[in-house]
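Let's take a walk through this model, starting at the ligand and ending with a pair of helices.

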Amino acid sequence: MAQNIYDNPDFFAGYSRLPRQVDGLDGAPEWPAIRRLLPDPSDKRVADLGCGFGWASRWFRERGAASVLGLDLSQNMIARAKADTNDSAIDYRIADLDTLDLPAAAFDLVYSALTFHYVQDFARLVRTIHTALTPGGDLVFTIEHPIYMAAAHPRWTADEDGRKTWPVNGYAREGERRTDWFAKGVLKHHRTLATTINTLIGAGFALQRMEEFAPTPDQIAENPNLAEELERPMMLLVSARKA
Ligand SMILES: C[S@@+](CC[C@H](N)C(=O)[O-])C[C@H]1O[C@@H](n2cnc3c(N)ncnc32)[C@H](O)[C@@H]1O
């Protein structure tokens, strides 16, 4: 049973105040890098897995997508996505990606941002997505980078000069990781980079591109806090295609 932390009131209140939820896609520093991975959404049938407030679902429609199915485990998220959307071609539904079934060849693009690391059975989900895509269809997703996931438990420590260091512990030990972020004991699932990529290949995807997001000098000049993201990769961005 997946942990539904986004329906925890304290977690949801904290999460809702993040810049990326207040300002939407432009509040996410990795958004320009994601856009470079995305195909033109025009006329595409899109699934947005872990759609949250629906920011990306609405963006796909603004860019001409034929339809968007936005799925999320959290009632809070789906309620907010519905409240913020006035578009009958976007269908938001509650669904658990760990038990998800999708119709075969029903989508041209499957997108997911920062959600797959909450999914326990990644291989099952990737097979489901592969079946749900039309031939030539794209899967574009972001996750917490596996190195960040390992480095974040424990989070940074200070070295003798007071500088933050990020020990990477137990990288090869895959499985559950707990973290305290807006609530205690948030459950995530750690997989190595090799497992992540080999799972895609094993399901029949051809890897198109991978990015380990790092902010640009301009982004750091605008928001100096982002300099921390140069110390270790925080996010992995992947685009893969169904052959
Ligand atoms: C970090 S948020 C990202 C939301 C959105 N994609 C965005 O970028 O703004 C992660 C989302 O994944 C959802 N989620 C977590 N586990 C899930 C699961 N097993 N099935 C479906 N959604 C899940 C959460 O409810 C939450 O909305």
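For sorting residues, Ala, Val, Leu, Ile, Met, Phe, Trp, Tyr, Cys and Pro count as nonpolar, Asp, Glu, Lys and Arg as charged, and the others, Gly among them, as polar. On that scheme, the shell around the ligand splits into eleven nonpolar, five polar and two charged residues. This is a predicted model, where local features need pLDDT of at least 70, side-chain atom pairs need 80 or more, and totals for chains, interfaces and linings use all residues. Residues are numbered from 1 along each chain as its sequence is written, and side-chain values use heavy atoms, leaving out hydrogens and water.

Now for polar contacts (N or O pairs within 3.5 Å). A ligand nitrogen sits 2.9 Å from a polar backbone atom of Leu97, and a ligand nitrogen is also 3.0 Å from a backbone N or O atom of Ala113. Thr115 brings in its side chain, with a polar atom 3.2 Å from a ligand oxygen. Of the 600 Å² of accessible area (Shrake-Rupley, 1.4 Å probe) that the ligand has on its own, the protein covers 93%.

Elsewhere, look at helices H6 (residues 122-132) and H8 (residues 193-203), DSSP runs of H or I with at least four residues. Their axes, lines fitted to C-alpha atoms over the stretch in contact, come within 9 Å and cross at roughly 40 degrees. H6 and H8 are therefore oblique to each other, oblique being what is left after under 35 degrees (roughly parallel), over 145 (roughly antiparallel) and 65 to 115 (roughly perpendicular).

Notes
A polar contact is a pair of N or O atoms within 3.5 Å; within protein, one must be able to donate a hydrogen and the other to accept it, and residues adjacent in sequence count only if both atoms are side-chain atoms. Axes are lines fitted to C-alpha atoms, for helices over the stretch in contact, and angles run from 0 to 180 degrees between N-to-C directions. Helices (H or I, at least four residues) and strands (E, at least two) are DSSP runs, numbered from the N terminus.
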